[in-house]
Amino acid sequence: GAVKAASFITDRYGNREQRTTNSMPYPDAVSPEQRVGIKKSYALAQFAATAVCLLPDASMNFAPLLAIQMAPLMMTLVRKGKVGAGTYHRVYAVSLYLGY
């Protein structure tokens, strides 16, 4: 039910191309090949963060929260022009890997 509701809302109000981390710009110095590697690295870390939530140790369940909260904050700051794309990617990458 929840997945169908989320898909309906995305179809009606959202944009499947311009959302979350995949819509964030990269600095000009980052090549297309590097972008693919960065996105793969993000995907693996996000998968690992999801897997950590399944562990029986409650303290480990909170490890991914920094990245979960940092991503929307940094995306907002990039869109408002307060920080650059490079800063977004550096802060997001560090926050993803701090839990490990």
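Does Tyr 92 count as buried or exposed, and at what relative accessibility?

Mentor: Tyr 92 counts as buried, at 4% relative accessibility. Buried means under 20% relative accessible area, exposed over 50%, and partly exposed in between, with a 1.4 Å probe and protein chains only. Some ground rules come next. The model is predicted, so local features need pLDDT of at least 70 and side-chain atom pairs count only at pLDDT 80 or more, while totals for chains, interfaces and linings use all residues. Residues are numbered from 1 along each chain as its sequence is written, and side-chain values use heavy atoms, with hydrogens and water left out.

Now the rings. The whole structure holds two aromatic pairs. Rings of Phe, Tyr and Trp (its six-membered ring) pair if their centres lie within 6.5 Å; planes under 30 degrees apart are stacked, over 60 edge-to-face, and the rest tilted. Tyr 42 and Tyr 92 make an edge-to-face pair, 4.9 Å centre to centre with 80° between the planes. This pair joins distant parts of the chain: Tyr 42 sits in helix H2 (residues 32-52), Tyr 92 in helix H5 (residues 85-98), 50 residues apart. Helices (H or I, at least four residues) and strands (E, at least two) are DSSP runs, numbered from the N terminus. Tyr 42 is buried, like Tyr 92.

The other pair is stacked, because the ring centres of Tyr 88 and Tyr 92 are 5.7 Å apart and their planes lie at 10°. Both residues belong to H5, four residues apart, about one turn of the helix. Tyr 88 is buried too, with a relative accessible area of 0%. Together, Tyr 42, Tyr 88 and Tyr 92 form one aromatic cluster.

Next, the core. A nonpolar core is a set of buried Ala, Val, Leu, Ile, Met, Phe, Trp, Tyr and Cys residues joined through side-chain atoms within 4.5 Å. The largest one has 14 residues, and those touching the most other members are Met 24, Tyr 42, Met 75, Tyr 88, Tyr 92 and Leu 96. H2, helix H4 (65-79) and H5 each supply at least two residues of this core. H4 gives the most, with six residues.

H4 deserves a look from the H5 side. The axes of the two helices, H4 and H5, come within 9 Å and cross at roughly 175°. Axes are lines fitted to C-alpha atoms, for helices over the stretch in contact, and angles run from 0 to 180 degrees between N-to-C directions. H4 and H5 are therefore roughly antiparallel (angles over 145 degrees; under 35 is roughly parallel, 65 to 115 roughly perpendicular, the rest oblique). On the H4 side, the contact includes Leu 66, Ala 67, Met 70 and Met 75; on the H5 side, Tyr 88, Tyr 92, Ser 95 and Leu 96 are among the residues. Contact means heavy atoms within 4.5 Å. By class, the contact of H4 with H5 has twelve nonpolar, two polar and no charged residues. Ala, Val, Leu, Ile, Met, Phe, Trp, Tyr, Cys and Pro count as nonpolar, Asp, Glu, Lys and Arg as charged, and the others, Gly among them, as polar.

Ser 95 also lies in H5. Ser 95 is buried, with a relative accessible area of 4%. Leaving aside neighbours within four places in sequence, Ser 95 is in contact with Leu 66, Ala 67 and Met 70.

Last, the setting. The protein has five helices and zero strands. Of its 100 residues, 23% count as buried.
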